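The following note sets out several points on a structure for a reader new to the subject. Please read each point with the model in view.

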Amino acid sequence: VLLLVVLCLAVFPISTFAADAVQVQIPVSIQTSGETPSPEENYTVELQAVDDAPMPSENVLEISGSGKAFFSPIQYTTPGIYYYTITQQSGTHKRGHYDQTVYYVKVSVTNGENGNLETVIAAHTDADMTDAKCDITFTNYYKPIKKTSWKKQNMKKKKTKTVQRNR
C-alpha cells in the first residue's frame with residue numbers, strides 16, 4: 001500500500017491537486033482628458049493569451065467614455081503562472097490621441113493553505129515585468145476644438161464678397 005502511495009505521488013505531483021477551480025476577472029479602466037467628444041466615444045480593449053494560457057469567453061471589452069470594466073471570468077484549474085497582453089485599439093475621432101500602452105499581465109495561481117487555488121494578478125508596462133506593478137488604465141486625450149475668432153470670420157466674409165464683386 002505504501003509503495004502504491006509513493007508511486008501515485010510520483011506520477012501525480014501534489015501541486016496539481018486542488019479542491020476547486022478559481023476564476024479571475026481582469027479589470028481595465030479608461031480615462032479621457034481634453035475636450036472630449038459628445039456623445040462619448042466607445043473604446044475597444046483586447047486581451048491576448050501568451051503560451052496557451054486559459055482565456056475568458058470574451059476577450060474583447062467595449063467601454064463607453066471614461067470608466068472601468070472587467071474581462072469575462074478566466075477559469076484556472078491547476079497551479080501555474082499564466083501570461084497575457086492587453087491593448088487598446090485606436091479610435092477614429094479626428095481630435096483623439098489614443099493610448100498605445102501594452103500591458104503585460106501575469107496571473108499566478110497557487111495552492112492555498114486551505115487546499116483551494118489562490119491567485120495574484122500583476123500588470124506591468126514592460127515585457128520583462130521588472131518595472132513597478134500598475135493598474136491597467138488607458139488614457140486618451142482629445143485636442144481642443146479650434147475656435148475661429150470673430151475678426152477672422154468677418155475677414156473671410158469680406159474676402160469672399162470682394163472676390164465676388166471683382167468677377
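1. Two strands are said to pair if DSSP finds at least two bridges between them. Strands (E, at least two residues) are DSSP runs, numbered from the N terminus. The model is a predicted one, in which local features need pLDDT of at least 70, side-chain atom pairs count only at pLDDT 80 or more, and totals for chains, interfaces and linings use all residues. Residues are numbered from 1 along each chain as its sequence is written, and side-chain values use heavy atoms, with hydrogens and water left out.

2. Strand β7 (residues 80-88) takes part in two pairings described here. With strand β9 (residues 103-111), β7 runs antiparallel, joined by 7 bridges; I86 has Y103 in β9 as its bridge partner. With strand β3 (residues 42-50), β7 pairs in the antiparallel sense over 6 bridges, and V50 has Y83 in β7 as its bridge partner.

3. An open sheet is formed by 4 strands in the order β5-β2-β11-β8, with mixed pairing. Its edge strands, β5 (67-70) and β8 (96-97), each pair on one side only. Between β2 and β5 there are 4 bridges in the antiparallel sense, and V28 stands opposite A69 in β5.

4. Which residues line the largest pocket? A pocket is found on a 1 Å grid over the protein atoms alone, as an open set of points where a 1.4 Å probe fits, with protein on both sides within 12 Å along at least five of seven lines; lining residues have an atom within 4 Å of a point. The lining consists of P27, V28, S29, K68, I121, A122, A123, K133, C134, D135, I136 and T137. The elements giving two or more residues to this lining are β2 (27-34) and β10 (117-124).

5. Aromatic rings of Phe, Tyr and Trp (its six-membered ring) pair if their centres lie within 6.5 Å; planes under 30 degrees apart count as stacked, over 60 as edge-to-face and the rest as tilted. By this rule there are 3 aromatic pairs. One of them, Y76 with Y82, is tilted, at 5.0 Å centre to centre and 40° between the planes. Both Y76 and Y82 are buried, that is, under 20% relative accessible area (1.4 Å probe, protein chains only).

6. Another aromatic pair, Y103 with F138, is edge-to-face, at 5.1 Å centre to centre and 90° between the planes. This pair links distant parts of the chain, with Y103 in strand β9 and F138 in strand β11 (residues 137-142), 35 residues apart. Y103 and F138 are both buried.

Conventions: Buried means under 20% relative accessible area, exposed over 50%, partly exposed in between (1.4 Å probe, protein chains only).
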